[in-house]
Amino acid sequence: IVLISTGGLVLLGAVAGGLFLSHRAMQPARLAFTRQQSFIANASHELRTPLTFLCANAEILLEERNYLPPEDVTLLEDIQTEATHMAALANNMLTLARLDMGDIKLHHEHDILDLTALAESAVRQGKALADQRDIHLRAEGPKPLYVIGDPILLEQTILVLLENAIKYNRPNGQVVLCTSQENDTVRLEVQDTGIGIAPEHLPRLGERFYRVDKARSRAVGGTGLGLSIARGIIRAHGGSLQFVSQPEQGTAVKITLPAMNAPLRPRVAEGG
Ligand code: ADP
């Protein structure tokens with residue numbers, strides 16, 4: 001018994017030592033990862049200023065398009081398109097690096113928000129793009145539906161899904177954004193009547209730079225990072241994101257989030 005327990009102790013010691021060592025061995029890897037993410041975040045941030053400058057300057061020059069030779073107008077339009085694309089890419093890379101570093105603050109009492117109101121605001125913002133492409137866009141759902149979260153990041157997520165539902169749709173197609181609650185879960189679903197996604201692609205959606213049709217994605221102004229950002233944001237909120245799709249019929253992207261059932265009560269002054 002003594003032998004066994006000594007052996008057990010030795011074994012336990014070895015396992016604990018191994019764990020300690022592997023934990024220590026992990027430190028440089030974690031440090032390198034954090035450094036890499038903060039480099040990506042800083043680089044993306046630095047890129048945004050010159051790109052914004054480029055876009056703005058191209059726009060100023062294009063105001064004089066009627067006085068410019070047509071080939072110069074084409075060149076300027078190309079500069080504007082590419083600079084806008086790169087600015088979107090830099091923004092998305094910054095968000096992803098922030099998500100990787102866990103650099104977003106959640107679960108703060110001031111961040112209780114109404115998801116249906118947020119969805120309606122996203123729909124208002126998506127309206128111009130929808131009108132441009134002859135898509136009928138609307139929001140449905142009871143109000144209020146409380147969740148805890150970062151309003152800017154959650155709105156960004158909804159906008160990614162709405163933009164995709166509009167971009168990968170057909171003229172006269174439909175996009176409906178539904179919100180609902182079931183027990184402790186709040187659901188948000190973006191349904192479209194667009195081109196759909198073949199089943200073999202579904203498991204890979206949300207991987208960085210994964211596109212079903214690269215040429216089409218680029219033609220509609222995609223960066224290939226939208227869904228990975230959406231997934232990262234929803235996971236950081238303790239939720240999940242799921243795709244259901246039928247090629248040539250349409251796609252539904254379903255988000256679940258933990259419900260925050262009780263709204264924050266207004267503070268009552270003490271002694272009042
Ligand atoms: P992108 O910037 O290319 O749109 P995303 O990460 O947002 O990148 O989406 C990845 C890919 O998933 C897209 O390139 C597109 O092929 C496909 N996809 C996303 N949403 C839809 C949708 N609603 N209908 C059809 N295909 C979609």
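**Close-up views of a predicted model**

**View 1. Contact of helix α4 with helix α6.** Leu153, Leu154, Gln156, Thr157, Val160, Leu161 and Asn164 of α4 are in contact with Gly226, Leu227, Ile229, Ala230, Ile233 and Ile234 of α6. Sorted by class, the residues of this contact are 9 nonpolar and 4 polar, with no charged ones. Helix α4 covers residues 151–167, and its axis lies 9 Å from that of α6, at an angle of about 145°. The crossing of α4 past α6 is left-handed. The model shown here and in the other views is predicted.

**View 2. Contact of helix α2 with helix α6.** Helix α2 spans residues 70–100 and helix α6 spans residues 226–236. Their axes come within 10 Å of each other and cross at roughly 30°. An angle under 35 degrees counts as roughly parallel, and α2 and α6 are therefore roughly parallel to each other. As in the previous view, the handedness can be named: α2 passes α6 in a left-handed crossing. On the α2 side, the residues in contact are Asn92, Thr95, Leu96 and Leu99. On the α6 side, they are Ser228, Ile229, Gly232, Ile233 and Ala236. The contact of α2 with α6 holds 5 nonpolar and 4 polar residues, and no charged residues.

**View 3. Contact of helix α3 with helix α4.** Helix α3 runs through residues 115–132, and its axis comes within 9 Å of the axis of α4, crossing at roughly 40°. This angle makes α3 oblique to α4. The crossing of α3 past α4 is right-handed. From α3, the contact takes in Leu115, Leu118, Ala119, Ser121, Ala122, Val123, Gln125, Gly126, Leu129 and Ala130. From α4, Pro151, Leu154, Glu155, Ile158, Leu159, Leu162, Glu163 and Ile166 take part. The residues of the contact of α3 with α4 comprise 13 nonpolar, 3 polar and 2 charged.

**View 4. Surroundings of the ligand.** The ligand is surrounded by 21 residues, and the closest are Tyr168, Ser217, Thr223, Gly224 and Leu227. Tyr168 has an N or O atom in its side chain 2.8 Å from an oxygen atom of the ligand. For Leu227, a polar backbone atom lies 2.8 Å from an oxygen atom of the ligand. Leu227 also belongs to the α6 side of the contact with α4. Lys167 has a polar side-chain atom 3.3 Å from an oxygen atom of the ligand.

**View 5. The peptide bond between Lys143 and Pro144.** Lys143 and Pro144 are joined by a cis peptide bond, with omega about -5°. Most peptide bonds are trans. Pro144 sits in the loop between β2 (136–140) and β3 (146–148).

**View 6. The backbone at Phe209.** Phe209 is not a glycine, yet its phi is positive, at about 65°. Most residues other than glycine have a negative phi. Phe209 lies in the loop between β5 (185–192) and α5 (214–219).

Terms used:
Residues numbered from 1 in each chain as written. Predicted model: local features only at pLDDT ≥ 70, side-chain atom pairs only at ≥ 80, totals over all residues. Heavy atoms only, no water. Axes fitted to C-alpha atoms, helices over the stretch in contact; angles between N-to-C directions. Helix = DSSP H or I, 4+ residues; strand = E, 2+ residues; numbered from the N terminus. Parallel < 35°, antiparallel > 145°, perpendicular 65-115°, else oblique. Left-handed = near helix turned anticlockwise from the far one by under 90°. Contact = heavy atoms within 4.5 Å. Nonpolar A, V, L, I, M, F, W, Y, C, P; charged D, E, K, R; others polar. Near = heavy atom within 4 Å. Polar contact = N/O pair within 3.5 Å; in protein donor to acceptor, adjacent residues only side chain to side chain.
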